[in-house]
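Have a look at what is shown below, try each task, then read the solution.

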Protein chains: 2
Amino acid sequence: MFTLYSMQRSGNSYKVRLTLAQLGLPYRLVEVDILKGESHTPEFLQKNPSGQVPLLEVAPGRHIAESNAILWYVAGGTSLAPEDRIDRAEALQWMFFEQHSLEPNLGAAYFWLALVKGGRELQSHAMDDWMEEGYRSLRVMEDHLRRSDYFAAGRYTIADIALYAYTHLAHRADYDLDSFPAIRRWLDRVAAEPRHIAMDWQPIAVETSQ
Amino acid sequence: MFTLYSMQRSGNSYKVRLTLAQLGLPYRLVEVDILKGESHTPEFLQKNPSGQVPLLEVAPGRHIAESNAILWYVAGGTSLAPEDRIDRAEALQWMFFEQHSLEPNLGAAYFWLALVKGGRELQSHAMDDWMEEGYRSLRVMEDHLRRSDYFAAGRYTIADIALYAYTHLAHRADYDLDSFPAIRRWLDRVAAEPRHIAMDWQPIAVETSQ
């Protein structure tokens with residue numbers, strides 16, 4: 001069984017929990033509070049030198065980091081992970097876009113506005129850039145979703161899951177999606193998938209990191 | 001034959017040219033000068049709404065964006081692209097790390113210091129962050145390369161190519177690799193691969209975007 005090191009309120013961690021839920025896979029969950037420094041203890045850094053969650057233990061002592069790489073590992077061989085050459089490249093394209101253009105803006109804004117007390121004041125110098133770049137990324141997504149229901153392979157895949165995580169938190173990070181109707185319809189479409197879980201969904205047993 | 005939209009001095013574009021060279025694949029090269037706005041013309045934005053190079057045309061009117069997604073498309077089915085489940089996840093992990101932690105710092109510093117006239121002064125407020133975060137990423141890479149010759153699958157793969165692009169430009173972006181001996185040995189190892197090309201290598205025929 002997988003062990004997932006995750007923070008409940010982290011969008012990157014949510015991607016993995018959502019994928020595992022979609023696939024009906026059981027796992028052991030270890031809650032790591034990065035705000036309390038739990039991802040930078042010597043013990044955790046030995047598992048992941050980058051000091052980040054999510055982190056998936058796939059075999060004793062063997063860990064995969066980076067949320068989107070974990071999605072490919074977990075979903076490999078299922079319809080959520082397209083293996084056709086062009087479909088796979090398109091899914092990867094959107095997942096790299098997510099980590100390079102969306103998450104550094106919407107994710108950063110969400111982190112500082114929604115999770116860190118006083119974060120708005122601490123990061124006031126950066127907010128304009130996050131807003132401008134974040135909206136630019138949302139426009140690229142809107143443009144795509146006007147023509148397609150999903151991001152790759154013509155169906156719901158891990159590319160949608162990757163982009164959903166922070167896009168569905170946009171309103172908590174001051175972004176206004178009123179002028180993005182195709183994105184809003186896609187958010188509803190993803191949330192209507194069978195076995196969908198909300199970000200605050202808790203499995204029955206949660207282990208907390210020490 | 002592929003058509004590659006590329007900028008000669010772009011590290012992300014170099015990844016694709018290096019991979020194509022490694023595989024001995026012929027391609028048509030279209031040089032796009034992003035500094036002159038050539039990636040934001042209406043014609044180019046129709047091909048790639050993100051307005052970025054590299055961009056690969058894989059069939060008439062069908063384009064793949066995001067350098068690391070292009071690498072998977074081009075190298076798919078060759079030994080450069082590991083397909084074993086855990087090897088693939090590790091290669092992806094390092095490629096997402098590259099786009100999320102290395103390129104936004106080393107790539108940004110390289111762009112403004114080496115390519116943009118007066119860039120150092122324009123971006124002086126951001127340089128400290130790029131240095132601090134860039135060195136943090138280099139330390140994670142050094143730690144890995146002390147134990148392994150390559151980043152994934154125990155051999156030279158597109159994960160190495162992805163990380164090589166901006167790491168081999170580090171000295172042009174003010175980073176000092178003196179205290180990173182394992183990274184310097186790995187840079188030499190990559191450069192010694194058969195069919196390796198330098199970043200300034202030019203194919204015989206280059207078409208320039210209008």
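## A proline in a loop

A:Pro54 sits in the loop between helix H2 (42-47) and strand E3 (55-59) of chain A. Helices (H or I, at least four residues) and strands (E, at least two) are DSSP runs, numbered from the N terminus. Before going on, note that this is a predicted model, where local features need pLDDT of at least 70, side-chain atom pairs count only at pLDDT 80 or more, and totals for chains, interfaces and linings use all residues. Residues are numbered from 1 along each chain as its sequence is written, while chains are lettered from A and ligands numbered from 1 in the order in which they are written.

**Exercise 1.** Find the form of the peptide bond from A:Val53 to A:Pro54, then look at the one from B:Val53 to B:Pro54.

Step 1: in chain A, the bond from A:Val53 to A:Pro54 is cis, with omega near 0°.
Step 2: the bond from B:Val53 to B:Pro54 is cis too, and its omega is near 5°.
Step 3: B:Pro54 belongs to the loop between helix H2 (42-47) and strand E3 (55-59) of chain B.

## How the chains meet

**Exercise 2.** Describe the side of chain B that touches chain A.

Step 1: count the contacts (C-beta atoms, placed from the backbone, within 7 Å). There are 25 residues of chain B in contact with 26 residues of chain A.
Step 2: look for the elements that give two or more residues to this side of chain B, namely strand E4 (62-65), helix H3 (67-75), helix H4 (85-115) and helix H6 (124-145). H4(B) gives the largest share, 12 residues.
Step 3: check whether the copies use the same surface. They do meet through the same surface, because 100% of the interface residues of chain B are also interface residues in chain A.

**Exercise 3.** Work out how chain B can be laid on chain A.

Step 1: superpose the copies by least squares on the C-alpha atoms of residues with pLDDT of at least 70 in both.
Step 2: find the residue of chain B that comes closest to the rotation axis: B:His100, at 2.9 Å (C-alpha).

## A covered helix

**Exercise 4.** How many residues of helix H7 (residues 158-167) of chain A are buried, and what covers them?

Step 1: call a residue buried if 20 or more other C-beta atoms lie within 10 Å of its own, exposed if 12 or fewer, and partly exposed in between, with C-beta atoms placed from the backbone.
Step 2: by that rule, 10 of the 10 residues of H7(A) are buried.
Step 3: their cover includes helix H1 (11-22), helix H3 (67-75), helix H4 (85-115), helix H6 (124-145) and helix H8 (181-191) of chain A.

**Exercise 5.** Which residues of H3(A) and H7(A) meet?

Step 1: from H3(A), take A:Asn68, A:Leu71, A:Trp72 and A:Ala75; from H7(A), take A:Ile158, A:Ile161 and A:Ala162.
Step 2: sort them by class, which gives six nonpolar, one polar and no charged residues. Here Ala, Val, Leu, Ile, Met, Phe, Trp, Tyr, Cys and Pro count as nonpolar, Asp, Glu, Lys and Arg as charged, and the others, Gly among them, as polar.

Key
Contact = placed C-beta atoms within 7 Å.
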